[in-house]
Structures are given as structure tokens and as C-alpha cells.
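Please keep the sequence and the structure in view while reading.

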4 protein chains.
Amino acid sequence: MRVGLIGASGYAGLELLRILLRHPRLEVAAVTSEQRAGQRVGEAFPAFRGLVDLSFVSADPAVLASRVDVAFTALPHAASAPIVRELRKAGVRVLDLSADFRLRDLGTYEAWYGSHPAPELVSGAVYGMPELYREALPDADLVAVPGCYPTAALLPLAPFLRAGWCADASIVVDAKSGVSGAGRKLDAGFLMAEMDGECRAYNVGKHRHAPEIEQEASVLAGDSVGVLFVPHLLPTVRGIISTAYVKLAGKRSSQEARALLEAAYEDEEFVRVLPEGATPALSAVRGSNFCDVNALVDERSGNLVVLSAIDNLIKGAGGQAVQCLNATQGWNETEGLTEAPHIL
Amino acid sequence: MRVGLIGASGYAGLELLRILLRHPRLEVAAVTSEQRAGQRVGEAFPAFRGLVDLSFVSADPAVLASRVDVAFTALPHAASAPIVRELRKAGVRVLDLSADFRLRDLGTYEAWYGSHPAPELVSGAVYGMPELYREALPDADLVAVPGCYPTAALLPLAPFLRAGWCADASIVVDAKSGVSGAGRKLDAGFLMAEMDGECRAYNVGKHRHAPEIEQEASVLAGDSVGVLFVPHLLPTVRGIISTAYVKLAGKRSSQEARALLEAAYEDEEFVRVLPEGATPALSAVRGSNFCDVNALVDERSGNLVVLSAIDNLIKGAGGQAVQCLNATQGWNETEGLTEAPHIL
Amino acid sequence: MRVGLIGASGYAGLELLRILLRHPRLEVAAVTSEQRAGQRVGEAFPAFRGLVDLSFVSADPAVLASRVDVAFTALPHAASAPIVRELRKAGVRVLDLSADFRLRDLGTYEAWYGSHPAPELVSGAVYGMPELYREALPDADLVAVPGCYPTAALLPLAPFLRAGWCADASIVVDAKSGVSGAGRKLDAGFLMAEMDGECRAYNVGKHRHAPEIEQEASVLAGDSVGVLFVPHLLPTVRGIISTAYVKLAGKRSSQEARALLEAAYEDEEFVRVLPEGATPALSAVRGSNFCDVNALVDERSGNLVVLSAIDNLIKGAGGQAVQCLNATQGWNETEGLTEAPHIL
Amino acid sequence: MRVGLIGASGYAGLELLRILLRHPRLEVAAVTSEQRAGQRVGEAFPAFRGLVDLSFVSADPAVLASRVDVAFTALPHAASAPIVRELRKAGVRVLDLSADFRLRDLGTYEAWYGSHPAPELVSGAVYGMPELYREALPDADLVAVPGCYPTAALLPLAPFLRAGWCADASIVVDAKSGVSGAGRKLDAGFLMAEMDGECRAYNVGKHRHAPEIEQEASVLAGDSVGVLFVPHLLPTVRGIISTAYVKLAGKRSSQEARALLEAAYEDEEFVRVLPEGATPALSAVRGSNFCDVNALVDERSGNLVVLSAIDNLIKGAGGQAVQCLNATQGWNETEGLTEAPHIL
């Protein structure tokens, strides 16, 4: 199957390209980059020398539609939707990694991102987390691939939200992310000299991933759930550790918590429930599409602690997108995604 | 004044030695290390070549008592108390960086650390956080220097606990620490090859600093306060970021929160209340005795978010110890502690 | 084909396991670790949970011989040779990642490593660098996989040594390596707290890889070549940058130098000659089996500067071993080794 | 003494500010930054909150001349010279950290940097390395503070150059630097995401510090000396490791080499000759004005290996500048520079 990668030169795009090259059923037929248009991929990014026989092109939906069956769009929000519209018009299936189709409520989108460039497509998009929306994926022509933080937060929380463990419709998510999550932003604060050894919270209570987590948490709980989302930057490149705190509605034990997780995920290939007492670690998921999860109950305070780890560039971006494509095609969801994490 | 440093070759000890060398009123008269006894300081640690004209000696309290007026003990818990007892018997003022005299309740100590080697000294020890116990320090002959995590957590929480903002006597502290906090532990998990790029929670809900935070939080609140303490390891060496979540007893605003912090700390040299919207960062405290703090109210969820940053090896260890010594002597608390943080 | 991995729990072993799992023609039938014997791979190393359905076993050559067709040995020198001997007696093809069979001259081996445990096998071993010894590999039953530094140094130097560019039979190799090269050594100097931000030379002029580089450089030059080898530790995990300095025998230009490299490597899959002015970078080879090379002439001083980059755990260890196995089997050398480097 | 810091907001400027604040004889009377003019220092750089009661101003030489006795200029080359000229006209002593006055030969300057903005001042500038030009400093009104790489390379080489050990007037300097050496340059290649774990050579044989090293090496040798200078970037922030290779003119031993170093530097406070076999390490100089050095002879190849380590932002920039000011004033050269290195 011929695939196109729109916005291939950003961090998410480059990592997705690595996955696409490895996928046994996909042929990368086009890669776009406005800044790099005309350059050979291997010239612009020497890591790819000898592996990709393509040049970046400018993103022309009509041309792309003639050359690819499926497109991954890895563009900034608002820039993505207009191209997605054209690709959809031309019948190309789209897996969109931007925020443009993740929020089902247009008002919420506009409050956080400004006016929507293609509102007519929102209702038809499927939220691309196969563990939650697998049944909708085979018919999906537009998949809204979830944000990295929402992926890390929602996967371990989902079974508890569904089971009604949450007391007061309020959850705290304290997340820690490597700097690749910010993309290739030319901001002095992200220079190695300023970021090495650094850690700090940012956008406390007002990060754009908060409404996305709230939307899906509310669906899972069957009721409106508020999320206090506090992201932190880590002095490394890849990975998210999410630690969520849930006030329990009743008395629960850690054993019950782990049993609920295990029941929910026993058939999932990419969600690994760790043994009792083990905490998810970046080193165990780095370079893979895994989401490692665990949970425990702090009986004294009546809190559930929900822990997870993902590679933000894979399960939090292109890996999840490919998992979705596999699901839409009826392929094994693990195709192209079996690479073992790199411990070192 | 002649000072001795007992347990000088560990990470906290070495950093304290740097401070002592810089202190205008102190002369380092003895440094001990059982493993390094007999070695010149500059041979064992080339960084100190040319700066320290001393050899490590074994810790003999009688000999030390004849050579120093004050001793800093930077030994593991349980190893510290017996030496502290001998030093106190000999009339040496002691600033103890171990956990041995931090917990006032012997039962609590024994539940977390095992039997206490010098229980008769516990009641006379002053908890060495000058911002909270300044009035007790001038008469203190035994100062229990607080743990690194408790320092980071308690300083920003103190004004809120005192003011009764906490709804349900329950606080969540999600802390992130550089690996120097673990000391020079020969555990493969702390090797650079395994720790670089790593992040994970550990000892969730059962870290030994939890009862210490609870003890002081309860004193501040005037009532029993429970703390759910969740520490994480950061892929860097120095510093702690503490993010605490407090369910508010009533309706409060971020403005009120910051006003309370500012009122509490306007005369403190080492606690800096950041401007609205600014988050404490390791880069701004690294290498200094500062604790940067801020707070905000998430009105939707009714939570107070309390943020802080310290250098665990300075305000979380030897810097705070020196601040305490300054206070006991009636010196300016900043003596030896005016070094600016190193941004880079 | 069934393969065994002897010494699977070290850093080189774990990375090799990742490659073996990905290889389309290989089935991992046994993994050994004396320390971990009896543990499930995924319990000992959570990164592998769900990917490997095996337990570590103790290395019993007789049992292994009945279960595998080929064995990779990733043990320390001297520990490897006795097991290799037994495996060979049992007819198992062996790819040995230790130093035991790299040096052809027993006296040299003994001068650097002590007495040899299986000297009778030395003459039959093939030095496992396919770019230099491809023709010997199809018949090789014992492959001595080169050291990481020698791989990085020799590949870019080989064409110049063969062409007689070297003036005085003397070469300087200044190499920089990530800390994974030292293995999982419980030495305080390799703890994250002490190694982060560190860089230093070590074993100057007396590293055990020096005689290996000299052996092969001399073969290539057709005459005895001395190498002054100066390795340095880098504050990161993976990768080697090698910078070699060669006094030129005659007047040469950078254009000639690059032309010689390009001619030598135009048909090699894993050696990439970079464009003029581009320098090999760890980011472009990390996670891959590539060796990126370049060269230039400093006309003023009459020196040739020869640059290269590899991932020490792949082209410098298990990747090269698999490339050799592919060559012995007559498979495409790239099988299992096509993963793109991870830039981030 | 009142000092001004021109270009205070760059990396070298900020580190110099830390030193000036600590210096017992200096009062920082003005700090300039064109980009930050009008901002309080502690607002622009939160690390300095509470430590500096100044706002950045635009660099107006006339105003500065009325407020300061001495100025440190930490501006880019070519931007520095015009301001230096005005400050000198106004009688202000200047310590210039730019490249503008380091090269004595105008033609060389123009070949590497373009036309010189204040050529009339070049001949009067003193090269600010006290270990080499101490006698000239008391009368110096314009000090050209050396580059970071030249400082690291020249200090260990100087005794050997003076003693005529160099065979063929040609030296190889292979240097490794943390990224702070590049300054706050908004280049994607220096973002944490792209630089973490990276290492690569750059500007091979054509870095602007090469002619500076050659100039001083030639003065020391009493004859023209060529230097092949190959800098590399390290994946850390601070520090330079310099490894130089010198073909020996005659037979020499490591003992002789160390004896020569020791004789040359026995009275120097900031140059530490390490014991036999010890290699200079970033961890032992970080945060200090030390230059650690060592040397050994590789008898087989007839090469002298000369090793050194500095903190590029201190001995390679502002620390050396302050050492020079101390020397011009007749103060102890160590004033303000006695801070111990931070191992961690």
C-alpha cells in the first residue's frame, strides 16, 4: 500500500518515517516538507542516507492523491485541517497527528485553538486509540490520532473510569515529558545548554491536552470528568511518565486495582500491566509502541495512583497512527510495531 | 570556628565541603571517611587538589572533640546517631544530616528505620529548617537537618497549612529528584548507561520521607495531616521539583495563594516567591541554597497547586545545615551561601 | 535457524537480542545468563515483556548444542573461549563477541589478556569484519567479532592503508565512546551522578584495542603499523566517534581522499561516505549498523584526518555479528539490520 | 572597584556575572544587553532574583565611562571593538572576551574574521593568559582574553614548546567541548532534542581558534608552529577536554614530560599537574578556574600526548578575565576565583 507522509521533517514525522520504512505492507511514496522541498531525504537528514530514495516535496493534495492510498499528516494544528479536507475529497484515507480532529465539540476546539479550518469533518473523525475505539476503526477514513499526554494518561485510567472508581469527577494528572514533545521549536529555553539538567512544570492547568483528556475521561466515566493536568519537562528527549491521582469513591485495594487493569488489557498487545510494585519506566518503552501501566491504592488517603510510561514519539504519535492504520485495514495491529524497546 | 565533617566523602559530604571552604567564618579542621582514611582529600577527589590541605581520618569522636567546635555528620541513618551521642557528650555542637533525629516520635522512627541507636537525644533535637524553627536554633546543640524532599515540599506548603486552606487533611506530593539524592549507591540501575534518559516513580506511597513530611505538615496545620508522597527519579544529577496538590477547604483564588506565599516569605533570604505564572525550575536554583516557590488555584477542580524547586545537595542538605549553623551562632544566615545559581 | 545467545544479559547481549528478535530468518532458542538463570527474560528486563517467551538458563554447551544451530557468545574475554571450544566440538557455528579470537598472535594475546584458554582455535577464527574479510566468511565456523573501537577506526582507515598513504607506519587514533562500551560495571565512576557531564581520556596508549587495531592496520598496509590509541569517555550511552590522524607519505588532496573512500565503499551497505565537509555524527548512526565515514587532507600540516561514527552496541558488537552470520549463511548481509538510525 | 559588564546576557556574560558578584573587591555597577535593556536582571534570569539589584541597559560607552572603572566586554567579535574603542578613549580599562584583540597580525585577523573595526588598538592589547604574560598585565589597559580552546590547548603545551620538544613545527590538537561554547545560538542542531547524546567533529582544520593557537605556539617555540585543530561537540554543557599530539624531536620519557610540566607550573594557582597516569576530567574542573594538565610519552610512536581540562565558561572565559583583572590591579590572582569545582 502506498503511503504519503505530510510534514515528514518534524520530530514526529521523522520517527514515523522510521516506522513506515520498517512496515512490511507499506511503501512510502511521498514525503512532504515545505522547508525542505526539493532536498533528498538523506541529504537533509543524514541518518536516512541509503535508506530512502525520495526527495521532500511541497504538500500538494491533488498530486498526493494520485500517488498515495493513505496519508499521515504530521502538521501543526490549523495547518493540518485544510490539507486533510483536500485529501479526503480526493478519497485518500487520512491519519491525522494534529489536534484538529481530536476534540468533538467545536466550541471547545475554538476556545483552545481558535477557529476551525474544516469543521464539517470533525464529526466523522474517529479518535485513534485502538484500545478504546477499535470497533470504529475499520470504517474510519479520518482518524484523529490522540495527543501524547492523553494517550499516556487515558490508557491506565480507562478501566477505573469505566468501573466508576472516581469519587468526585475530578482527577489530577501530573505528567513528565521529554523535550521532543515540544517539536523543533527554536526557543532558547530548549537549547541543550539551557535544558540539560533542567526540570520544570509548564502550562499548569491550562495545557491544550487537558480538554482532550477530559473529553475522553468523560466518555469513559459516562459523566463529566474534570482533569487538573500539570505537565513537566524532563531533561531528556523521549518519553512520558504520567502519574495520576484519583480520589476513590469507595474502599478499594491495590489488588483490586491491578486486577481491573489486567482484566482490561489482557488481550492488548501494546498495553503491559506491570507486576505488583513495579513502576513504569521510560527505559522499558523507549523506541517501542508499548504503554506500560500499573496502579495502586493508598488506603490511608483513599487515593488511587495510576502510573504509565510511553514513548511520546511512538505510542504518543506515529506508532499509534500506524496501529490505527493496521486496524482500519484489518491487518494485525502489531505490523511494523514489533521493535523491542531500547533499554540503553 | 573549627568545624569537622563526618562522612565527608559521600555526595552530600563533598558538596558540604565546598560550602565550608567558602564560608568566611569557618575553618575545616577535620574530614572523616572510613573508606578513604589516610588518603589526602585531593588525591581521593582530584577536584579538591590545591584547595584542601587535609587527609581523611577515621571518625573517632574523642579525637574530633579535641579538634573541632562544631561537627556536621553526613552519615547514613543508624550509623550517625552513635557518633552524634559521643560528640554531644564531649560538648560538640552537631548538625546531623541523617534521618536519625528528624522524627520526634520514636515509634514512627522505628517503624520506618528500625531501632534507634540514641533515643535519649531525640527530644532535644531541633528540626533544622530555619524558616520554620528559627527561634529554637540559637540554643540548639543538636540540629536535625531536614530531608531533601521534605524541604522542597514543606516550604511552599507551610503558609497554606498554617492558614487552614487544606480541606481534608490530605495532600498529594508528586516529587522529581536528580539521582544524587540516592547517594553513591553501587546499583546497576544508577549507572549512567541505565539511568540516562530514564524517569520512573519509586517507593510510591512508602518513601521514608513521607512520615517526616507528615510530622511537619501536622505541626503546621495544628492537626493530623496525611501525605501521599510519590517520588520520581529524573535523568539528571541535581535538584528536586516538588508539585503538591491540595484540595481546598473553601473557594480561593490564585491571587490569594500568591499573596499568602509572599507575606510568609518576604523577609526570607532563601525562599523566593516567583511572579504569577512562573514555575520553579532546577536551572534557577542549581548550585544555590534557594528554594523557589509558587502556587496557583485551579478553580474548576478546587485544587491548590503548590510548586517548588531546590538543589537537593544544598538547600536539601549541606546548605541548609550551614544556614542552621549560622542561625545557632547568631551570624547572618547567608554566610557562605551567597553563591549565585549556575544557570548552565 | 535456531540461535543461542550466550551471555545475553550484558549490554551487548541485550542489544543483540533486540536484533535477533527482528531478524526474519532466526529463532532465538536459548538465552543464557549465570546471574539471571531461571528468570524469565521479561521479568529480569521489563523492556522485553511480551516479546520473548524464554527464561535465562545457565550456559551448558552440551544442552545448547542440542538446541541451537548457531551461537553468539557475548561473554568477557577468557570466560568465552572455554565455552566456544565446547560449542565448536559439538559442531555449533560460533560468533564470538569477546576478545578471545581477535588477535592472531598468541604472544600478543597473552601480553594483553593473560594466558589463552583455547589457543588451538585461534588460527581458524575469521576476523568478523565483512568489509575486509567477506570472502573468508562463508566457510567460517568461528567468527571473532571485532572490538568496537577497532571497527570504528579501521573502516575509514582501510582504503588509505591499502593505498600506501601512510608516511611513517604510525597513526594516531583519538576515539570518543559512550559509556555502554564499559559494560555493566559497578564502578562509582560510571554512576550517573559522577558520569553525567563528564569527559576524560583513559588508558592512554595502553588500551587493549590498540594491538587489535595494529594487527589489522598492518595487514592492510602490508607492513607493520603502529597505532597510538587514545580513547575518551563521553557523557552519553551509545556511540563512538573516531578521529584518526595520519602523516601523509606524499602530497594529497581532500578530493583524492574522498574519492578513495567512495571507491572503496560504493558497494557496501553499511559504510556510508559522507559528502564533502560533512562530519560523522552519533545522531546519524545511533540504533543502526551503519558506519559513517569521511576524510580530508590538511595540506598545511600534511595530515590526513579520517573521521567515523558507529553505534558501539550495533556495528561495534551484535549488529556486526549478525552481519557476519548473514555472510556465513549466504543471506543478504542486511537481514535484520535495516532499522533506520534514531535521530532523536 | 566599580565594574561594568557589557554583553551580560550571553552565556559567558552570565557566568562572569556570577564571578563578579562573588568577588570581594568588585561592585557590579552596570550590566548591558541590547535585547534585555530595561529588564531587571532577576526578571530576565530568575536564577539571579534577589542577588542583583540592577536592570540591563543598552551599551552607551559615555554613560558607562562615568559609572565604571573597569569594563568586561563579552560581545561577539566585530561588535566588541567599536565599544572597546570608546571605552578606552574614556579611560576605562577593558578586559575584552571577544576575538577582536587576540590576533596580533591584522592580516590574520582579516583572513578569519573580516575587516577590523579598531585596528589601532591591536598592538597595545595584552594577551590575557597570566601564566604566559603575567609581567605585561600590570600595565595593561586593554586585555584580550584568550579563546576557550586556545586556553585549554596552550597551557599544557607551553612548557614543551619552550623547551623545543616539538620535532616538525606541527601539532595536532583534538579538542572536545560542551555546547555552551557555541553561545545562545538559535540553531536546531543545538536543541536538546537533537544534541542530547550527540557527538561530532566540526570545522575540521578551519576553526577560528586555530590561528590563535598557532600565534601563541609560535611565540612559545620561537619559531613558526602549525596546528591542525579539530574541535568536537560533546553532549553536555560545560567544559573542554583537549588532547594534543606532538611528534617528538628526540627521545623523551613520560617522567621527563611530567617533570617539565611540574617545574613550569609549581607556582601557578590555577594549573594543576596531575599525578602520573591520571587524566584530566571535566568533573574535576567544572565550576572552577582550574586547568588540569598531564602529559605522557608514547615511546613506540615517538609522540608526546598532552592532556588538559578546563571549564570553558570560567578559565576559558570570565574566570580568566577576572584573573587578568586581579593581575592588572596587583591583587592576588585568585580573588573571586577560589570556588571549588563541583564534582556533581
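In this predicted model, the contact between chain C and chain D draws on 42 residues from chain C and 42 residues from chain D. Together the two chains bury about 3,200 Å², with 57% of that area on carbon and sulfur atoms. On the side of chain C, the residues that lose the most area to chain D are C:Cys199, C:Leu228 and C:Tyr245, which together account for 15% of what that side buries.

- A salt bridge joins the side chains of C:Arg300 and D:Glu214, at 2.7 Å from N to O.
- Between chain C and chain D, 24 residue pairs are in polar contact.

**The side of chain C that touches chain D**

- Several elements of chain C each supply at least two residues to this side, among them helix H8 (192–195), strand E10 (226–233) and strand E11 (240–248).
- Strand E8 of chain C gives the most, with five residues.
- By class, this side has 20 nonpolar, 10 polar and 12 charged residues.

**Two packed helices in chain B**

- Helix H7 (residues 148–162) and helix H10 (residues 254–265) of chain B pack at an angle of about 105 degrees, and their axes lie 9 Å apart.
- Because angles of 65 to 115 degrees count as roughly perpendicular, H7(B) is roughly perpendicular to H10(B).
- H7(B) contributes residues including B:Leu155 and B:Phe160 to the contact, while H10(B) contributes residues including B:Leu260 and B:Tyr265.
- The residues of this helix contact comprise 10 nonpolar, no polar and no charged.

Note on methods. Residues numbered from 1 in each chain as written. Chains lettered and ligands numbered in written order. Predicted model: local features only at pLDDT ≥ 70, side-chain atom pairs only at ≥ 80, totals over all residues. Heavy atoms only, no water. Contact = heavy atoms within 4.5 Å. Buried area = accessible area lost by both parts, 1.4 Å probe. Salt bridge = Lys/Arg side-chain N within 4 Å of Asp/Glu carboxyl O. Polar contact = N/O pair within 3.5 Å; in protein donor to acceptor, adjacent residues only side chain to side chain. Helix = DSSP H or I, 4+ residues; strand = E, 2+ residues; numbered from the N terminus. Nonpolar A, V, L, I, M, F, W, Y, C, P; charged D, E, K, R; others polar. Axes fitted to C-alpha atoms, helices over the stretch in contact; angles between N-to-C directions. Parallel < 35°, antiparallel > 145°, perpendicular 65-115°, else oblique.
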